[in-house]
Amino acid sequence: MPQQPQEPRRTPLSRDRVLRAAVAFADDAGIEALSMRKLAQELGVVPMALYKHVANKEELLDGMVEVVVAGIAGQVPGSDWKSAVRGRILGARGALLAHTWAAQVIRSRTSPTPAVLAYLDSVIGTFRAGGFSTDLTHHAMHALGSRVLGFTEELFDDPADTAPQDERAQAAAYEVMARRYPHVTELARAVAHDRRSVVGQGCDDQFEFEFALDLLLDGFERLHGQGWKSTP
């Protein structure tokens, strides 16, 4: 009696598979398009099957942050503290450039995930291994702020995102700006940012990010050499 053809075995659903599928979905379609229903369709399961692995969408987003941050390259053995910190931070930025939605999701979290805490712990440990006091390390981490995770927290949205699309209307708006705020307009017209290397939105391109990061690291190095303390 001929054997019936067997259906291909379906890959079992797991938390890791759910999270990685969510990351891939957000990479392709954008974080705004992600929903539990659409993710279930992508995985070929009913939505309720996802809730065995993530309690809700917020837990899903936390897990997606875990996947991205866990993928940041580790410290190169034998490097000095300055090179090591710079390398780790630029590695974090590389992860955010690969997952353009991730900075937005990290900003929206109310507390750090375990992978974020492990990453921050490693950066703090690098300062301490380089001879920094806990005092200077504390202030250095505050000065780095969101840059330690690879992005700069912008004060405002990029004006280009809300500017008129019509060229005449755009030129007229610039003229009004130039009369009211000449120095702001001069700066805005003088500098062109590399949109391909911007994390999130605004002016946070690669050159601007590295410029600010290197200023900070140079300052930390000078204070460390002076034996700086926050109190007399």
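Biologist: Let me start with Asp-214. Is Asp-214 buried, partly exposed or exposed?

Modeller: Remember first that this is a predicted model. Buried means under 20% relative accessible area, and exposed means over 50%. Asp-214 has 27% relative accessibility, so Asp-214 counts as partly exposed.

Biologist: Which residue forms a salt bridge with Asp-214?

Modeller: Start with the general idea. Side chains of opposite charge can pair when their charged atoms come close. Here Asp-214 forms a salt bridge with Arg-86. Their closest N and O atoms are 2.7 Å apart. Asp-214 lies in helix 12 and Arg-86 in helix 5, so the pair ties together parts that are 128 residues apart in sequence. Arg-86 counts as partly exposed, at 26% relative accessibility.

Biologist: What about Lys-82? Which residue is its salt-bridge partner?

Modeller: The partner of Lys-82 is Asp-218, with 2.5 Å between the closest N and O atoms. Lys-82 sits in helix 5 and Asp-218 in helix 12, residues 206-225. This pair links distant parts of the chain, 136 residues apart. Asp-218 is partly exposed, with a relative accessible area of 40%.

Biologist: How many salt bridges does the structure hold?

Modeller: The structure holds 11 salt bridges. One more to look at joins Glu-59 and Arg-15, whose closest N and O atoms are 3.2 Å apart. Glu-59 is in helix 4 and Arg-15 is in helix 1, so this pair ties together parts that are 44 residues apart in sequence. Glu-59 is partly exposed, at 29% relative accessible area. Arg-15 is partly exposed too, at 35%.

Biologist: Which residues are linked in a network of salt bridges?

Modeller: Look for Glu-58, Asp-62 and Arg-109. Salt bridges link these residues in a network.

Biologist: Now the helices. How do I check the length of helix 4?

Modeller: Helix 4 has 14 residues, 57-70. At 1.5 Å a residue, helix 4 should span 20 Å. The expected span counts one less than the number of residues. The end C-alpha atoms of helix 4 are 20 Å apart, which agrees.

Biologist: What caps the N-terminal end of helix 4?

Modeller: Asn-56 does. A side-chain oxygen of Asn-56 lies 3.2 Å from the backbone nitrogen of Glu-58.

Biologist: Which residues of helix 4 are buried? And what covers them?

Modeller: The buried residues are Leu-60, Leu-61, Gly-63, Met-64, Val-65, Val-67, Val-68 and Val-69. Their cover includes helix 1 (15-29), helix 2 (36-43), helix 5 (81-98), helix 6 (102-108) and helix 7 (114-129).

Biologist: Which residue is 9.8 Å from Val-69, C-alpha to C-alpha?

Modeller: That is Leu-117, 48 residues from Val-69 along the chain. Leu-117 is in helix 7. Leu-117 is partly exposed, with a relative accessible area of 47%.

Biologist: Let me try the loops. Where does His-99 lie, and what does His-99 touch?

Modeller: His-99 lies in the loop between helix 5 and helix 6. At 18% relative accessibility, His-99 counts as buried. Leave out residues up to four places away in sequence, and His-99 touches Val-23, Asp-27 and Val-68. With Asp-27 there is also a polar contact between the two side chains, at 2.9 Å.

Biologist: And Ser-197: buried or exposed?

Modeller: Ser-197 counts as buried, at 10% relative accessibility. Ser-197 is in the loop between helix 11 (182-190) and helix 12. Residues touched by Ser-197 include Arg-93, Leu-97 and Asp-204.

Biologist: Where is Leu-155, and is Leu-155 buried or exposed?

Modeller: Find the loop between helix 8 (134-144) and helix 9 (159-162). Leu-155 is there. Leu-155 is exposed, with a relative accessible area of 75%. Now compare sequence with space. Leu-155 and Gly-202 are 47 residues apart in sequence, but 9.1 Å apart in space, C-alpha to C-alpha.

Biologist: One last feature. Which residues make the nonpolar surface patch of about 320 Å²?

Modeller: Val-46, Met-48 and Tyr-51 make this patch. Take Val-46: it lies in the loop between helix 2 and helix 3 (47-50). Val-46 is exposed, with a relative accessible area of 55%.

Terms used
Residues numbered from 1 in each chain as written. Predicted model: local features only at pLDDT ≥ 70, side-chain atom pairs only at ≥ 80, totals over all residues. Heavy atoms only, no water. Helix = DSSP H or I, 4+ residues; strand = E, 2+ residues; numbered from the N terminus. Buried < 20%, exposed > 50% of the residue type's maximum accessible area, 1.4 Å probe, protein only. Contact = heavy atoms within 4.5 Å. Polar contact = N/O pair within 3.5 Å; in protein donor to acceptor, adjacent residues only side chain to side chain. Patch = residues over 30% accessible without salt bridge, like charges linked within 9 Å, V, L, I, M, F, W, Y side chains within 5 Å. Areas by Shrake-Rupley, 256 points an atom, 1.4 Å probe, with all protein chains shown as cover. Salt bridge = Lys/Arg side-chain N within 4 Å of Asp/Glu carboxyl O.
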